Amino acid sequence: MAINENATVASHDDAGPGYRFLVLDATRLASALVPGQFVHVRVPGLEPTALRRPFSVFDADDGKVTLLYKVVGRGTAALATARAGDEVEVLGPLGHGFPSASKGVPLLVGGGYGVAPLHFLAKRLKDSRTILFVGGRTKDDLLALDRFEALGVDVRIATNDGSAGEKGFVTGPLDAALDELRGRGEPFELFTCGPDGLLKAVADRAVAAGMPGWISMDRHMVCGVGACYACIQKTVHGNSRCCVEGPVFKAEDLVW
Ligand SMILES: Cc1cc2nc3c(=O)[nH]c(=O)nc-3n(C[C@H](O)[C@H](O)[C@H](O)COP(=O)(O)OP(=O)(O)OC[C@H]3O[C@@H](n4cnc5c(N)ncnc54)[C@H](O)[C@@H]3O)c2cc1C
Ligand code: FES
């Protein structure tokens, strides 16, 4: 059952060029959310009829909910002006998240703000084998790596321009790790969030390897609660609503 909580901004800081960390005091939501679910935020400062904006959850702990977001348009620009003490109405938990345990070595693959739900997942998995593969165009696209390292996650990086980590796509270090795990006969499970091209690359690898893959889809949303059918994702079971049946789907269920 979704909760509509009047949260209070606890802190609001830069998280990299054009990115922000929003920490909300939201006691009921913090205890109800699981990794991969999302919240629908009524942006303060926009007209009351404005649509809410959906965001993944970077962290939910100790009465606080943290979002990691990129300023891309009118809503996120208005959100970026919220200050400590301001009230923000937040609806959640929404959608289906990631499984709560991994059946093999947890391989997390993210790009841009897609690392947000993967951080919450890594924190809840508490699995010392967890590896994060993160990619970006330049080092400026790599977000919150220190927060993953603080959880003991092994972070492997690729950037298109070589400004951090391996030069090229994140599938480079990912494929190397997959080869190594296959060579040792060790099972793994893939979890991903990021741009569509990355999601498909990860889903293809999970299906080809016959290992579980969990793909968090980012579709434009309107109502966020299953009523408008704006967020349709094709699956082998037919059209699914990303906000209700997703945003996390099984790799083998997706039709691209
Ligand atoms: C389940 C889910 C989880 C999300 N989690 C995060 C998150 O953790 N951090 C974060 O920064 N963003 C996240 N997003 C995207 C976020 O909702 C949009 O960036 C935001 O709604 C844009 O609002 P705006 O008014 O600033 O931009 P608008 O003015 O509405 O749009 C500005 C630009 O952003 C594009 N855009 C709008 N919505 C999306 C979207 N859903 N996906 C891709 N591009 C979009 C538009 O096409 C346009 O080019 C998530 C979206 C979904 C569906
Ligand atoms: S956003 Fe309305 S059904 Fe998903």
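How many bridges pair strand 10 and strand 11, and in which sense do they run? Strand 10 and strand 11 pair in the parallel sense, over 2 bridges. Strands (E, at least two residues) and helices (H or I, at least four) are DSSP runs numbered from the N terminus, and two strands pair if DSSP finds at least two bridges between them.

This is a predicted model, in which local features need pLDDT of at least 70 and side-chain atom pairs count only at pLDDT 80 or more, while totals for chains, interfaces and linings use all residues. Residues are numbered from 1 along each chain as its sequence is written, and chains are lettered from A and ligands numbered from 1 in the order in which they are written.

Select Ala158; its bridge partner in strand 11 is Glu166.

Next, select the open sheet of 7 strands, with the order 11-10-9-8-12-13-16 and mixed pairing. Strand 11 (166–167) and strand 16 (248–250) are at its edges; each has a single partner strand, so one side of each lacks a neighbour in the sheet.

Move to residues 154–159, strand 10, which pairs with strand 9 in the parallel sense over 6 bridges. Ile131 is opposite Asp154 in strand 10. From strand 9 the chain passes through helix 4 (residues 145–150) to strand 10, a right-handed β-α-β crossover (with the strands pointing away from the viewer, the path from the first strand over the helix to the second runs clockwise).

Finish at residues 213–216, strand 13, which is joined to strand 16 by 3 bridges and runs antiparallel to it. Select Ser216 there: its bridge partner in strand 16 is Val248.
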